[in-house]
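Here are a few friendly notes to read with the model open beside you. Please follow along in the viewer as you go.

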Amino acid sequence: MTINKSSGGDFILVGFSDQPRLEKILFVVVLISYLLTLVGNTAIILVSCLDSALRTPMYYFLTNLSFVDICFSTSIVPQLLWNLHGPAKTITATGCAIQLYVSLALGSTECVLLAVMAFDRYAAVCRPLHYATVMHPRLCQSLAGIAWLSGVGNTLIQGTITLRLPRCGNHRIYHFLCEVPAMIKLACVDIHANEVQLFMASLVLLLLPLTLILVSYGCITQALMRLRSALTWGKALGTCGSHLLVVVLFYGTSTAVYIHPNSSYAQSQGKFITLLYTVVIPTLNPLIYTLRNKDVKGALKRLVRKDNSTGKQILPR
C-alpha cells in the first residue's frame, strides 16, 4: 500500500462541518441506521445458514450481499460517526488508504453481485425445470468468487493510482470519506487521464452489470408475457421484486457519483447521494428482502418458535 509522501500527514474530512446542526441530526440518523444494518444483515446471514429451507442459490447470494453490506458500512460509518460527534475531522493517511481500498472493493463487489443475483432470478423464472442443474453449487461459488475478485481487482488498480497522485500538501477532502472522486481532486497535476480512467472503470463495473441485469429482467418479462397468468406474475413479482428494488436504489445513487462526478448535481449533492448508498441502502436491504419475502419471514418465525420451545424444555418443572 503506497501513500504519497506529499500527503503531509493526516487528511481533513470536511464532510458536513459547515452545517453544525445538521451534523447532530446526522449523527443520530447514521448511528441508528448502522445498528439496524448490523442487526438486519446479521439476521439474514444467520437465518440463511440455520434454516435448511433457505439453503438455495438465491439465499447463498443474499448471504454474500448481507456480508458485503455489513463490511461496507463498517469501513465507513465508524469514522463518519467520530467526525460527526466531535470537532476533530481528521483521518490518518493510513486510515484513509485502508478506507479507500476496502470501501471501493466492497462497493465494486456489490455491483457485480447484484448482476449475479439477476442471473439467478432469470434461471429461476425462465428455466424452472432446469434450475437445479443450471445453478449448481460449484457455479454459485464461482459466480460469487468472480464478484469478489472483480471488487478486489478494481480497488487495487483504482485505489493505487489515486493514492500515488502528487497532492503538493493538499489534505482537505471535501467529503465525509476517502473516495476516489474526492481524492483525485486533491492532485496538483492534470487529472484528466485519471477522470477518464475512473469513467471507464465505472462503465465496466456499473453499466456492464446493469446491462446484464436489464437483459435478465427483459428475458423474465418476455417469459411472463407468453404465460399471461396472474398467479405466475404474482410469484415472479415476489421472487424478483425485492432484488429489482435494491438494484434501483443502489445503481440510481452510485451512478450519479461515479459516471458524472464533475456534474453540478454530483458536486452539490454528492455527499448526500453517497450517504444514501453507504448508510441508508445497507439498512434498507434486509428490510426489503424480509418484508417482501415469505420464505425469510417464515424462516424467522420457525427459528423463534424453535428458540421458545428449547427454552421451555430447559426450564425446570
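1. Setting aside neighbours within four places in sequence, Ile173 is in contact with Phe11, Ile12, Leu13, Val14, Gly15, Cys96, Cys178, Ala182, Met183 and Leu186. Ile173 is also one of three residues, with Phe61 and Leu114, that touch the most other members of the largest nonpolar core, a set of 84 residues. Helix 4 (residues 93-126) supplies the largest share of this core, 17 residues.

2. Please keep in mind that this is a predicted model. The mean pLDDT of the protein is 84, and 87% of its residues reach 70 or more. Confidence is highest in helix 2 (residues 57-74), at a mean of 94, and lowest in helix 11 (residues 294-314), at 66. Over residues 1-7 the pLDDT stays under 50, and the model has 23 contacts beyond four places in sequence for that stretch.

3. Helix 4 deserves a look of its own.

4. Two of the contacts of Ile173, Cys96 and Cys178, form a disulfide with their sulfur atoms 2.0 Å apart. Cys96 sits in helix 4 and Cys178 in the loop between strand 3 (172-173) and helix 7 (180-183), so the bond ties together parts 82 residues apart in sequence. The torsion about the S-S bond is about -120 degrees, which means that this disulfide is left-handed. Cys96 is buried, at 0% relative accessible area, and Cys178 is buried at 0% too.

5. The structure holds two disulfides, and the other joins Cys168 to Cys188, at 1.9 Å from S to S. Cys168 lies in the loop between helix 6 (137-163) and strand 3, and Cys188 in the loop between helix 7 and helix 8 (192-227), 20 residues apart. Here the torsion is about 60 degrees, so the disulfide is right-handed. Cys168 is exposed, at 53% relative accessible area, while Cys188 is partly exposed, at 32%. Counting bonded cysteines along the chain, the pattern is 1-3, 2-4.

6. An unreviewed UniProt entry lists several transmembrane regions, including residues 25-47 and 98-119. In the model, residues 25-47 are 100% helix, with end C-alpha atoms 33 Å apart. Residues 98-119 are likewise 100% helix, and their end C-alpha atoms are 32 Å apart.

How values were computed: Residues numbered from 1 in each chain as written. Predicted model: local features only at pLDDT ≥ 70, side-chain atom pairs only at ≥ 80, totals over all residues. Heavy atoms only, no water. Core = buried A, V, L, I, M, F, W, Y, C linked by side-chain atoms within 4.5 Å. Buried < 20%, exposed > 50% of the residue type's maximum accessible area, 1.4 Å probe, protein only. Helix = DSSP H or I, 4+ residues; strand = E, 2+ residues; numbered from the N terminus. Contact = heavy atoms within 4.5 Å. UniProt positions renumbered as here; feature names shortened; annotations may be inferred. pLDDT = per-residue confidence, 0-100. Disulfide = S-S within 2.5 Å.
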